[in-house]
Amino acid sequence: METGTPNRKRFCKPWHFLSQAGKRPLCILWEVFDTYHLDELKQELKCWQRQALCNDNSAYDEGGAREDLMDFIQQLFRLIEAFHVLNEQKNAGRKRKHQKGLSKDARKMIAKMNTPVLLTAGEKKNPQQVIHQFCKTFRGS
(Lines give C-alpha, C1' and ligand atoms only; values in the text may rest on other atoms or scores of the structure.)
Protein backbone atom coordinates (compact mmCIF):
# COMPACT_ATOMS: atom_id res chain seq x y z
CA MET A 1 0.00 0.00 0.00
CA GLU A 2 1.43 3.34 -1.00
CA THR A 3 0.84 6.46 1.02
CA GLY A 4 1.02 10.00 -0.27
CA THR A 5 3.48 10.93 2.47
CA PRO A 6 7.12 11.35 1.41
CA ASN A 7 9.77 9.51 3.40
CA ARG A 8 11.26 11.65 6.11
CA LYS A 9 15.02 12.04 6.16
CA ARG A 10 16.03 11.44 9.76
CA PHE A 11 18.66 13.28 11.76
CA CYS A 12 18.92 16.07 9.26
CA LYS A 13 18.63 19.67 10.38
CA PRO A 14 16.94 22.12 8.03
CA TRP A 15 19.23 24.62 6.35
CA HIS A 16 19.84 27.81 8.29
CA PHE A 17 21.56 30.93 6.97
CA LEU A 18 24.13 30.77 9.79
CA SER A 19 25.37 27.42 8.45
CA GLN A 20 26.99 29.42 5.62
CA ALA A 21 28.74 31.93 7.93
CA GLY A 22 32.26 30.62 7.31
CA LYS A 23 31.88 30.74 3.53
CA ARG A 24 30.12 34.11 3.13
CA PRO A 25 30.48 36.11 6.35
CA LEU A 26 29.45 39.52 4.98
CA CYS A 27 26.36 38.09 3.29
CA ILE A 28 25.44 36.34 6.52
CA LEU A 29 25.85 39.60 8.46
CA TRP A 30 23.42 41.17 6.02
CA GLU A 31 20.96 38.32 6.53
CA VAL A 32 21.14 38.58 10.33
CA PHE A 33 20.67 42.35 10.47
CA ASP A 34 18.04 42.28 7.74
CA THR A 35 16.10 39.74 9.79
CA TYR A 36 16.70 41.23 13.26
CA HIS A 37 17.12 44.81 14.44
CA LEU A 38 19.98 45.55 16.81
CA ASP A 39 17.53 46.13 19.69
CA GLU A 40 15.81 42.80 18.99
CA LEU A 41 19.10 40.91 19.19
CA LYS A 42 19.92 42.57 22.51
CA GLN A 43 16.44 41.82 23.91
CA GLU A 44 16.77 38.17 22.91
CA LEU A 45 20.15 37.96 24.58
CA LYS A 46 18.78 39.57 27.76
CA CYS A 47 16.04 36.94 27.79
CA TRP A 48 18.61 34.13 27.49
CA GLN A 49 20.67 35.68 30.29
CA ARG A 50 17.62 35.90 32.53
CA GLN A 51 16.75 32.27 31.84
CA ALA A 52 20.30 31.19 32.66
CA LEU A 53 20.37 33.15 35.93
CA CYS A 54 16.85 32.21 37.10
CA ASN A 55 17.00 28.53 36.28
CA ASP A 56 16.82 26.22 39.34
CA ASN A 57 19.20 23.80 37.64
CA SER A 58 21.68 26.44 36.50
CA ALA A 59 25.40 26.37 35.81
CA TYR A 60 25.45 29.82 37.45
CA ASP A 61 24.71 28.92 41.08
CA GLU A 62 27.89 30.54 42.36
CA GLY A 63 28.35 34.31 42.47
CA GLY A 64 31.57 34.21 40.42
CA ALA A 65 29.90 32.26 37.64
CA ARG A 66 27.01 34.75 37.55
CA GLU A 67 29.47 37.64 37.41
CA ASP A 68 31.33 35.96 34.53
CA LEU A 69 28.08 35.46 32.62
CA MET A 70 27.04 39.07 33.13
CA ASP A 71 30.44 40.35 31.99
CA PHE A 72 30.38 38.03 28.98
CA ILE A 73 26.89 39.19 27.98
CA GLN A 74 27.94 42.86 28.25
CA GLN A 75 30.88 42.20 25.92
CA LEU A 76 28.60 40.20 23.63
CA PHE A 77 26.34 43.27 23.34
CA ARG A 78 29.38 45.26 22.22
CA LEU A 79 30.30 42.50 19.75
CA ILE A 80 26.79 42.56 18.27
CA GLU A 81 27.02 46.33 17.88
CA ALA A 82 30.44 46.01 16.22
CA PHE A 83 29.08 43.45 13.74
CA HIS A 84 26.13 45.75 13.09
CA VAL A 85 28.45 48.69 12.33
CA LEU A 86 30.60 46.47 10.09
CA ASN A 87 27.46 45.37 8.25
CA GLU A 88 26.40 48.99 7.79
CA GLN A 89 29.83 49.88 6.40
CA LYS A 90 29.96 46.94 4.00
CA ASN A 91 26.33 47.01 2.84
CA ALA A 92 25.37 50.70 2.78
CA GLY A 93 24.23 50.57 -0.85
CA ARG A 94 22.27 47.40 -0.32
CA LYS A 95 20.57 48.95 2.72
CA ARG A 96 19.56 52.08 0.78
CA LYS A 97 18.10 49.94 -1.98
CA HIS A 98 16.30 47.74 0.55
CA GLN A 99 14.74 50.74 2.36
CA LYS A 100 13.97 52.75 -0.78
CA GLY A 101 10.24 52.04 -0.75
CA LEU A 102 9.76 52.72 2.95
CA SER A 103 8.25 55.88 4.34
CA LYS A 104 10.42 58.46 6.09
CA ASP A 105 8.84 57.54 9.44
CA ALA A 106 9.56 53.86 8.91
CA ARG A 107 13.20 54.60 8.04
CA LYS A 108 13.50 56.76 11.20
CA MET A 109 12.04 53.99 13.36
CA ILE A 110 14.41 51.41 11.87
CA ALA A 111 17.38 53.74 12.36
CA LYS A 112 16.42 54.25 16.01
CA MET A 113 16.19 50.50 16.59
CA ASN A 114 19.60 50.03 14.96
CA THR A 115 21.60 52.66 16.83
CA PRO A 116 24.71 51.36 18.62
CA VAL A 117 25.00 52.89 22.10
CA LEU A 118 27.84 50.94 23.71
CA LEU A 119 30.67 51.67 21.25
CA THR A 120 32.89 54.72 21.34
CA ALA A 121 33.21 56.93 18.25
CA GLY A 122 36.57 55.30 17.49
CA GLU A 123 35.11 51.81 17.80
CA LYS A 124 32.28 52.76 15.44
CA LYS A 125 34.87 53.88 12.87
CA ASN A 126 36.86 50.66 13.33
CA PRO A 127 34.55 47.90 14.65
CA GLN A 128 37.17 45.24 13.88
CA GLN A 129 39.06 46.28 17.02
CA VAL A 130 36.02 45.32 19.16
CA ILE A 131 35.71 41.98 17.34
CA HIS A 132 39.42 41.20 17.79
CA GLN A 133 39.31 42.17 21.47
CA PHE A 134 36.27 39.94 22.06
CA CYS A 135 37.98 36.99 20.38
CA LYS A 136 41.18 37.61 22.35
CA THR A 137 39.32 37.88 25.68
CA PHE A 138 36.99 34.92 25.15
CA ARG A 139 39.08 32.49 23.16
CA GLY A 140 38.40 28.78 23.70
CA SER A 141 39.83 27.06 26.76
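Author: Ala, Val, Leu, Ile, Met, Phe, Trp, Tyr, Cys and Pro count as nonpolar, Asp, Glu, Lys and Arg as charged, and the others, Gly among them, as polar. The model is predicted: local features need pLDDT of at least 70, side-chain atom pairs pLDDT 80 or more, while totals for chains, interfaces and linings use all residues. Residues are numbered from 1 along each chain as its sequence is written, and side-chain values use heavy atoms, without hydrogens or water.

Reader: How do the residues lining the second largest pocket divide by class?

Author: Four are nonpolar, six polar and three charged. A pocket is an open set of points on a 1 Å grid where a 1.4 Å probe fits, with protein on both sides within 12 Å along at least five of seven lines; lining residues have an atom within 4 Å of a point.

Reader: How much space lies in that second largest pocket?

Author: About 200 Å³, counted as the space filled by probe spheres set on the points. Of its 13 lining residues, those closest to the centre include Phe 33 and His 98.

Reader: What makes α2 roughly antiparallel to α3?

Author: Helices are DSSP runs (H or I, at least four residues). The axes of α2 (residues 38–54) and α3 come within 11 Å and cross at roughly 165°. Angles run from 0 to 180 degrees between N-to-C directions, and over 145 counts as roughly antiparallel. Therefore α2 is roughly antiparallel to α3.

Reader: Which residues of α2 and α3 meet?

Author: Contact means heavy atoms within 4.5 Å. Among them are Leu 41 and Leu 45 in α2, and Leu 69 and Ile 73 in α3. By class, this contact has 11 nonpolar, two polar and four charged residues.

Conventions. Helix = DSSP H or I, 4+ residues; strand = E, 2+ residues; numbered from the N terminus. Parallel < 35°, antiparallel > 145°, perpendicular 65-115°, else oblique.
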